[in-house]
Amino acid sequence: MSERTEFEAGRPVVLRGGTVLPIDGGRTVLEHTDVLVTGDRIAAVGPGLEVPEGTAEIDASGGIVMPGMIDTHRHMWQTALRGYGADWTLTQYFVWFYLEHGKLFRPEDVHAGNTLAAIEAVDAGVTTVVDWSHGLRTVDHADAAVDALQSVPGRHVLAYGNIQQPPAEWTAAPEFRDFVSRRITGDDLLGFQLAFDVLGDPAFPEKPAFEVARELGAPVTTHAGVWGATSDDGIRLMYEHGFMTPETIYVHAASLSADSYHRIAATGGSISVSTESEQSAGQGYPPTWAVRAHGIPVSLSMDTSVWWSGDLFSAMRTTLGADRSREHLEAHAKGDTVTHCGLRADQVVEWATRGGARAIGRDDLGVIAEGKKADLVLIKNDRSPVSFPLLHPYGHVAFQAQRGDVHTVLVNGRVVKHEHELVGVDLAAARRQVERTVDYLRSEMGEEAWQQGMNPDIPATKILDNPYTYTDYRSDATHRL
């Protein structure tokens, strides 16, 4: 664990001479530019800035300075099982977490997953994460989740959920209200949402939960358009009862009709796209190729490290690939050729930063401008041959950069990573927590169930008959000889 005494609280910091991506609604690139941070804000942006005496200086030359990235949907409590579900489909995920073993998680296991996920985020330059925390079976679990988030120097939004109870039940519980009054106190580093899904029952049993959200002034985030689980009926019910708002985040939205997209667009909501998840698990085709035509704001997310990576470089890269692949596929089906890409690198970089800020209602995040919050990332790796030449900075972020290139990270003006090392983070303690959780779950499940959960059956593959097999021809030729 590094303390980095040169970055003590209250000392101004300046990033010198970097290529700055301000994310100002255009494709602006500011070369050889400084960014001065005082307190928790960006004090100035420009070349050759004069700075207060005693300012800590960080050499950003040859690197890219961009806003901190924002993940609008991650099940952080599952991170202690990193990679366990690599070969799952959505069906196996639902069975494992919803029906079987998700009930085994103790508050300390939620704490372990959240701690590791929060550390992983800032290490990758993700300065804000919406913790889609649907493993909160009790308020003890919820307290553990918040304790973990507040132990790591990042910015978080607790999206409170409980997959083991209907949302109308857990939102009505007195202990839930007590938790909100105790823990959601206006801390700038801890936001709050309600996380639950609308299953399409005509009786609309989720209505009381929406009413609680409205009473609390809490936005709702919901998995929408998940194949076989949440459909257009859920969107229609939300719309007909007046619960679609500009603050609502629709996660995935990958199996919806044009009518549902129109409803989302008309009510001002946004869509959190988890491309790696949608490609692999089966919610539907990653929807950016469709929602762009409806003018719906987009943010990016990684879903869960039980399957995928926890960095938004992967999200940007796979989102561009999936969108362009679908654009080509649709054109080829009509006998056409795409000659100009519709989705550009600067757009996905904006989705990963300002798009996320917009989704969570924070116009002071996701941009680099005077007066905005100092959540910043410096991408620089002088030891990497991939760090140069730096010709197309947005394209470099989207296609070339990776977690190992994150040199410096600031959250709320505080340096939390510098020269590729985390600052003020006890990674060894997080490892010990996670090891205890893994040992506990493995013991409770038993070795056979543990192995079966990690290694689902492989469907049989039928090899097609090949009309170009020449076995008979060769036999005839041999016979003639």
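My entries below cover a helix pair, a serine in a loop and some aromatic rings.

**Before starting.** I noted that this is a predicted model, so every value here is computed from it.

**Entry 1: two helices.** I began with helix 11 (residues 312-333) and helix 12 (residues 345-359), and asked at what angle they pack. The angle came out at about 135°, and their axes are 10 Å apart. That angle makes helix 11 oblique to helix 12. I also looked up the handedness, and the crossing of the two is right-handed.

Next I wanted to know which residues make the contact. On the helix 11 side I listed Leu312, Met316, Thr319, Leu320 and Arg324. Helix 12 brings Ala345, Val348, Val349, Trp351 and Ala352. Sorted by class, the contact has eight nonpolar residues, one polar and one charged.

**Entry 2: serine 305.** I then moved to the loop between strand 13 (298-300) and helix 11, where serine 305 sits. Is serine 305 buried or exposed? Its relative accessibility is 1%, so I wrote it down as buried. What is serine 305 in contact with, leaving aside neighbours within four places in sequence? My list reads Thr79, Leu81, Arg82, Gly83, Glu120 and Gly310. I also checked the separation from threonine 230, which is 75 residues apart from serine 305 along the chain. The C-alpha atoms of these two are separated by 22 Å.

**Entry 3: aromatic rings.** How many aromatic pairs are there? The count comes to 26. I picked out phenylalanine 196 and phenylalanine 210, whose ring centres are 4.9 Å apart with the planes at 75°, so I noted the pair as edge-to-face. Phenylalanine 196 is in the loop between strand 9 (190-195) and helix 6 (207-216), while phenylalanine 210 is in helix 6, 14 residues apart. Phenylalanine 196 is buried at 4% relative accessible area, and phenylalanine 210 is buried at 2%.

Phenylalanine 210 also forms a pair with phenylalanine 243, and this one is stacked, at 4.9 Å centre to centre and 15° between the planes. Phenylalanine 243 lies in the loop between helix 7 (232-240) and strand 11 (249-252), so its pair with phenylalanine 210 of helix 6 ties together parts 33 residues apart in sequence. I found phenylalanine 243 buried as well, with a relative accessible area of 6%.

**Entry 4: a ring cluster.** Last, I noted a cluster linked by ring pairs. Its members include Trp77, Tyr84, Trp88, Tyr93, Phe105, Trp307, Trp308 and Trp450.

Note on methods: Residues numbered from 1 in each chain as written. Predicted model: local features only at pLDDT ≥ 70, side-chain atom pairs only at ≥ 80, totals over all residues. Heavy atoms only, no water. Axes fitted to C-alpha atoms, helices over the stretch in contact; angles between N-to-C directions. Helix = DSSP H or I, 4+ residues; strand = E, 2+ residues; numbered from the N terminus. Parallel < 35°, antiparallel > 145°, perpendicular 65-115°, else oblique. Left-handed = near helix turned anticlockwise from the far one by under 90°. Contact = heavy atoms within 4.5 Å. Nonpolar A, V, L, I, M, F, W, Y, C, P; charged D, E, K, R; others polar. Buried < 20%, exposed > 50% of the residue type's maximum accessible area, 1.4 Å probe, protein only. Phe/Tyr/Trp six-rings, centres within 6.5 Å; stacked < 30°, edge-to-face > 60°.
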